[in-house]
Every structure is written in structure tokens, then in C-alpha cells.
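Hi,

Here is the structure I promised to pass on. Have a look at it first, and my notes follow below.

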Amino acid sequence: MLAPYSHSNAFMTAVHIRPAAPADADTIAPLFDAYRQFYEQAPDLAGARTFIAQRLERGESVVLLALDASGAAIGFCQLYPTFCSVEAAPIYTLYDLFVAPAARKTGAGRSLLMAAEATARAHGKVRMDLTTAHTNTTAQSLYESLGWTLDTVFRAYNKRVAA
């Protein structure tokens with residue numbers, strides 16, 4: 001089990017980061033639903049709750065929850081364990097990162113990314129990967145300020161597969 005992570009400085013509000021448990025699904029669901037809406041998905045709070053609950057109950061992802069000084073949930077990130085065949089090593093895909101609009105510029109996003117890195121290190125991962133929208137320049141600046149590098153070698157593709 002990972003220790004909780006707290007971060008604050010003169011420019012940021014105190015933010016506490018902790019690993020989420022299945023019992024946190026109801027707390028995370030509104031944030032996850034808002035994250036999906038940011039990426040132009042229709043609101044679906046029940047679906048968001050089900051998805052997060054399943055990932056947590058099955059141990060299929062690691063969700064880090066950001067709490068403000070009063071204990072209110074203000075953000076989360078979700079890490080999926082996978083592997084890099086080229087490096088022949090385990091990695092995390094940081095697939096979801098979201099901070100509630102009212103909590104932006106408090107350092108919550110930075111704290112979540114720093115906690116994700118500490119979590120990856122503690123779990124023996126050699127790298128973290130993420131993708132973001134080309135238009136999400138605020139997040140891109142944050143990633144780069146923390147040492148993330150833009151991949152200029154590989155191009156990402158995806159294909160929908162009908163069930």
C-alpha cells in the first residue's frame with residue numbers, strides 16, 4: 001500500500017493525494033463524469049460510477065484522489081498497468097487526469113502528477129505514458145514543467161471495433 005502524498009507551498013493550496021479504494025467510487029464518479037464531458041462525451045454519472053467501481057474492485061487500475069484541506073475531492077488521476085515490449089519492462093499509462101474547474105491553479109494537477117510518479121516508482125514501473133488533446137495546452141505546459149517529453153518519433157492511431 002502506498003503512503004498518502006501531500007504537497008503545498010507558498011503559491012499553492014494544501015492538497016492531499018491518496019490511493020482510492022472501491023468505497024471511493026461515489027466520490028470519484030462526478031469528477032470522472034466531468035472529465036469525460038471535457039472530452040465531449042454525454043453526461044452519464046451512473047455509467048461513470050460503474051466504470052470506476054469496476055476498475056477499483058477488480059484492481060485493474062490505480063486511482064489517485066486529490067483532496068483539499070477540508071477533505072473534499074477536487075481531482076483524480078487513473079493509471080493503467082501495462083508493459084513496454086521494446087524496453088521489456090512494466091509501465092503505467094496515465095490515462096485520466098482531471099481537476100475540478102474551481103480547484104484549478106491550486107497545485108492539485110501538479111500534486112497528482114508527482115504522486116503518480118511516486119506510485120510508478122514504488123510499483124517498479126520504468127516509465128509512464130500519457131496522451132492529451134492537441135488543444136489542451138494548459139496541461140501540456142504542466143507536463144513539460146515536470147519533465148515529461150513530447151514524443152516526436154511515434155504517431156498514435158486508434159480504431160473503433162464494433163462489439
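Let me start with the helix pair: α1 and α2 are oblique to each other, because oblique covers whatever is left once angles under 35 degrees count as roughly parallel, over 145 as roughly antiparallel and 65 to 115 as roughly perpendicular. The axes of α1 (residues 25-38) and α2 (residues 45-58) cross at roughly 125 degrees and come within 8 Å. On the α1 side, A25, D26, I28, A29, P30, F32 and D33 meet L45, A48, R49, F51, I52, A53 and L56 of α2 (contact means heavy atoms within 4.5 Å). By class, this contact of α1 with α2 has eleven nonpolar, no polar and three charged residues.

A word on provenance: this is a predicted model, where local features need pLDDT of at least 70 and side-chain atom pairs count only at pLDDT 80 or more, while totals for chains, interfaces and linings use all residues. Residues are numbered from 1 along each chain as its sequence is written, and side-chain values use heavy atoms, with hydrogens and water left out.

Now to strand β3 (residues 62-67), where six of six residues are buried (under 20% relative accessible area, 1.4 Å probe, protein chains only). V62, L64 and A66 point one way from β3, and V63, L65 and L67 point the other way. In a regular strand, side chains alternate between the two faces of the sheet.

β3 runs antiparallel to β4 (residues 73-84), joined by six bridges, and V63 has Q78 as its bridge partner in β4. The hairpin has five residues between these strands, and G71 takes a positive phi near 90 degrees there.

Happy viewing!

How values were computed: Buried < 20%, exposed > 50% of the residue type's maximum accessible area, 1.4 Å probe, protein only. Helix = DSSP H or I, 4+ residues; strand = E, 2+ residues; numbered from the N terminus. Pairing = 2+ DSSP bridges. Axes fitted to C-alpha atoms, helices over the stretch in contact; angles between N-to-C directions. Nonpolar A, V, L, I, M, F, W, Y, C, P; charged D, E, K, R; others polar.
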